[in-house]
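Have the structure open and follow along.

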Amino acid sequence: MYDFTYYAPTKVAFGKNSLSRLEGLLKEQNCKKVLLHYGGGSAERSGLLAIVRSAIRSAGLAWTELGGVQPNPRLSLVYRGIELCKSEDVDFILAVGGGSVIDSAKAIGYGLANDGDVWDFYAGTRKPAACLPIGVVLTIAAAGSEMSNSSVITKEEEGGDLKRGCNSDLCRPRFAVMNPELTFTLPDYQTACGCTDILMHTMERYFTSGGNMGLTDGLAEGLMRTVIANARILKRNPADYDARAEVMWASSLSHNGLTGCGNDGGDWAVHGIEHELGGLYDVAHGAGLAAVWPAWANYVFKDCLQRFYLFAVQVMGVRPSGTREGVAREGIRAFTQFLSGIGMPVNLTELGVSPTDGEYKKMASRCAAAGGGKKGSARVLYADDIEKILRNAQ
């Protein structure tokens with residue numbers, strides 16, 4: 001077990017009546033003007049934005065608005081948000097949406113609180129020194145950005161966009177309003193993508209060769225079992241409130257650092273590879289993770305056999321009989337079947353992408369370079385390894 005610092009400052013208002021607490025939460029921020037940041041028209045059509053505007057007004061605050069956040073949020077909109085907030089003297093950002101909206105809000109917050117180009121923080125050439133405070137009204141259980149220190153932004157470039165992350169405790173939201181009922185109208189595919197993302201955030205921390213803590217493992221295994229069970233329920237009955245609630249809370253706990261306490265920080269190779277897929281093909285994040293994971297797992301599991309054995313037994317319910325390698329392989333097969341069962345692609349063909357030889361090499365080299373030349377903990381991967389995993393995933 002390694003030393004660790006655990007920091008989770010976000011105040012959570014959870015449940016069916018949580019929106020009624022938004023006015024009070026805004027008043028606690030002692031701010032004067034809010035940027036209301038959101039995605040497409042669904043938040044408007046559902047009446048959610050009207051409720052949020054009413055809460056801002058009742059809190060005695062002025063506000064301005066910026067919608068249009070896309071999945072894989074774009075740097076160009078972040079720049080627009082920064083300029084808008086500067087001109088409007090905004091001192092608080094309220095993100096209404098899922099991970100993409102929250103990540104965009106965090107990037108705007110960095111851009112307002114620091115000099116220079118905000119992309120520097122995502123390119124890794126500088127670290128932020130501050131971030132404008134952020135609050136969240138969550139509408140999608142997936143990324144866990146409502147409690148995390150992470151933000152991922154896509155920079156538009158010729159020949160394939162660049163998708164990169166910035167991690168800093170400075171961007172952790174001040175509060176998150178989480179009503180599971182707001183997720184009832186999500187398409188089945190988006191729900192499944194969200195469940196996959198939640199699982200992967202814990203799995204990236206679980207499959208590590210560097211230090212583990214028994215209590216953390218138990219929390220991680222319980223979270224994964226919970227998400228798998230409730231993802232199956234939501235496949236059958238999307239309006240099951242309890243299942244929605246379990247998944248929404250798991251989303252936050254999976255990415256607020258709790259399931260990585262005492263280990264080496266995790267693997268993150270699957271996320272790194274998906275970032276290249278997302279940048280090149282603009283695929284749904286959860287679907288991209290699902291398409292890569294089986295090929296990654298089969299490539300690395302012998303180097304992290306004990307962890308894959310435990311995952312098979314403790315999470316996937318595989319009987320611990322036969323060789324450890326055989327049990328681990330069965331766990332990988334069982335999880336792959338689960339992904340297929342909730343409608344996720346389990347290879348690049350099912351994802352709908354067919355990279356060229358040049359694109360395989362480009363994604364592999366970019367992924368390795370983003371990690372300083374290598375990626376991973378379960379097994380350290382270099383560009384050649386990542387290219388093989390991508391080709392195996394086809």
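## Overall size and make-up

With 394 residues, a compact globule would have a radius of gyration near 21 Å, and the 20 Å of this protein agrees with that. That radius is taken over C-alpha atoms, and the globule rule is 2.2 Å times the number of residues to the power 0.38. Along the principal axes, the C-alpha atoms fill a box of roughly 65 × 45 × 40 Å. Before going further: this is a predicted model, where local features need pLDDT of at least 70 and side-chain atom pairs count only at pLDDT 80 or more, while totals for chains, interfaces and linings use all residues. Residues are numbered from 1 along each chain as its sequence is written, and side-chain values use heavy atoms, with hydrogens and water left out.

The secondary structure comes to 16 helices and eight strands. These are DSSP runs numbered from the N terminus: helices are H or I with at least four residues, strands are E with at least two. Of the 394 residues, 58% count as buried, where buried means under 20% relative accessible area, exposed over 50% and partly exposed in between (1.4 Å probe, protein chains only). The accessible surface is about 15,500 Å², and 49% of that belongs to carbon and sulfur atoms; areas come from the Shrake-Rupley method with a 1.4 Å probe, and for residues only the protein chains shown count as cover. Among contacts with a separation of 6 or more, 76% are between residues 24 or more positions apart; a contact means heavy atoms within 4.5 Å.

## The parallel sheet

Next up is the sheet. Six strands form an open sheet with parallel pairing, in the order β1-β8-β5-β4-β2-β3. Two strands pair if DSSP finds at least two bridges between them. At the edges sit β1 (11-14) and β3 (62-66), each pairing on one side only. From one strand to the next, the twist averages 15°.

Start with β2 (33-38), where six of six residues are buried. K33, L35 and H37 point one way and V34, L36 and Y38 the other, and all are buried. β2 pairs with β3 over five bridges, and also with β4 over five bridges. L36 shows both pairings: its bridge partner in β3 is E65, and in β4 it is L94.

Keep going from L94, whose bridge partner in β5 is G135. Five bridges join β4 (residues 92-97) to β5 (residues 134-138), and I93 stands opposite I134. β5 is mostly covered too, with five of its five residues buried: I134, V136 and L138 point one way, G135 and V137 the other. On to β8 (residues 175-178), which pairs with β5 over four bridges; here G135 stands opposite F175.

## Helices on the sheet

Helix α3 (residues 48-58) lies across β2, β3, β4 and β5, running at about 170° to β2. Helix α5 (residues 99-113) also packs on the sheet, touching β2, β3, β4 and β5, and its direction makes about 165° with that of β4. For these angles, axes are lines fitted to C-alpha atoms, for helices over the stretch in contact, and values run from 0 to 180 degrees between N-to-C directions.

## Helices packing on helices

Which way do α11 and α13 run relative to each other? Helix α11 (residues 285-300) and helix α13 (residues 324-341) pack at an angle of about 170°, with axes 10 Å apart. They are therefore roughly antiparallel; angles over 145 degrees get that label, under 35 is roughly parallel, 65 to 115 roughly perpendicular, and the rest oblique. A290, W293, P294, A297 and N298 in α11 meet R329, I332, F335, T336 and L339 in α13.

In helix α12 (residues 305-315), the buried residues are R307, F308, Y309, L310, F311, A312 and V315. They pack against α7 (188-206), α8 (214-236), α11 and α13. After α12 comes G317, whose phi is positive, near 70°.

## A buried serine

Leaving out residues up to four places away in sequence, S254 touches I198, H201, T202, R205, L223 and T259.
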